[in-house]
Amino acid sequence: MTTVGVYEAKTQLPRLIDEVAKGARVTITKHGVPVAMLVPAAGVRRVALDDVINALQAFRKGRRLGGRSLRALIAQGRR
């Protein structure tokens with residue numbers, strides 16, 4: 001577990017968030033006294049990129065535009 005002061009936590013937040021995303025726990029202290037913890041969110045599940053691509057490809061199968069052109073649909077959406 002990593003321990004950092006409030007100032008360091010403020011200036012290094014993106015790096016600390018990256019560490020937490022990988023499973024680390026970070027304790028934030030104020031004048032040496034623990035005041036907060038950064039912990040990974042419960043229930044958040046990371047999905048592998050290949051699994052996402054396969055799911056999108058499976059979703060796409062059998063779906064058609066019903067004779068409409070993609071270009072026409074995009075133009076309609078811009079109006």
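Modeller: Strand β1 (residues 2-5) and β2 run parallel, joined by four bridges. This is a predicted model, so local features need pLDDT of at least 70 and side-chain atom pairs count only at pLDDT 80 or more, while totals for chains, interfaces and linings use all residues. Residues are numbered from 1 along each chain as its sequence is written, and side-chain values use heavy atoms, with hydrogens and water left out.

Biologist: What makes β1 and β2 a pair?

Modeller: Two strands pair if DSSP finds at least two bridges between them; β1 and β2 have four, so they qualify. One spot to look at is Val4, which stands opposite Ile28 in β2. Strands themselves are DSSP runs (E, at least two residues), helices are runs of H or I with at least four, and both are numbered from the N terminus.

Biologist: And how do you know that β2 pairs with β3?

Modeller: By the bridge rule again: β2 and strand β3 (residues 33-38) share five bridges, in the antiparallel sense. Ile28 has Ala36 as its bridge partner in β3. The hairpin of β2 and β3 has two residues between the strands, and His31 takes a positive phi near 55 degrees there.

Biologist: Why is Thr29 called buried?

Modeller: Buried means under 20% relative accessible area, exposed means over 50%, and partly exposed is in between (1.4 Å probe, protein chains only). Thr29 comes out at 12%, so it is buried. Thr29 lies in strand β2 (residues 26-30), where four of the five residues are buried. Beyond its neighbours within four places in sequence, Thr29 is in contact (heavy atoms within 4.5 Å) with Thr3, Val4, Gly5, Val6, Pro34 and Val35.

Biologist: What makes a set of residues a nonpolar core?

Modeller: They must be buried Ala, Val, Leu, Ile, Met, Phe, Trp, Tyr or Cys residues, joined through side-chain atoms within 4.5 Å. The largest such core here has six: Val4, Ala9, Leu16, Val20, Val26 and Ile28. At least two of its residues come from each of α2 and β2.

Biologist: Why are Glu19 and Arg15 called a salt bridge?

Modeller: The rule asks for a side-chain nitrogen of Lys or Arg within 4 Å of a carboxyl oxygen of Asp or Glu. For Glu19 and Arg15 the closest N and O atoms are 2.5 Å apart, so the pair passes. Both residues lie in helix α2 (residues 13-21), four residues apart, about one turn of the helix. Shared partners join Glu8, Arg15 and Glu19 into one network.

Biologist: How do you know that Glu8 belongs there?

Modeller: Glu8 forms a salt bridge with Arg15, at 3.5 Å between the closest N and O atoms, so that one passes the 4 Å limit as well. By this rule the count comes to two salt bridges.
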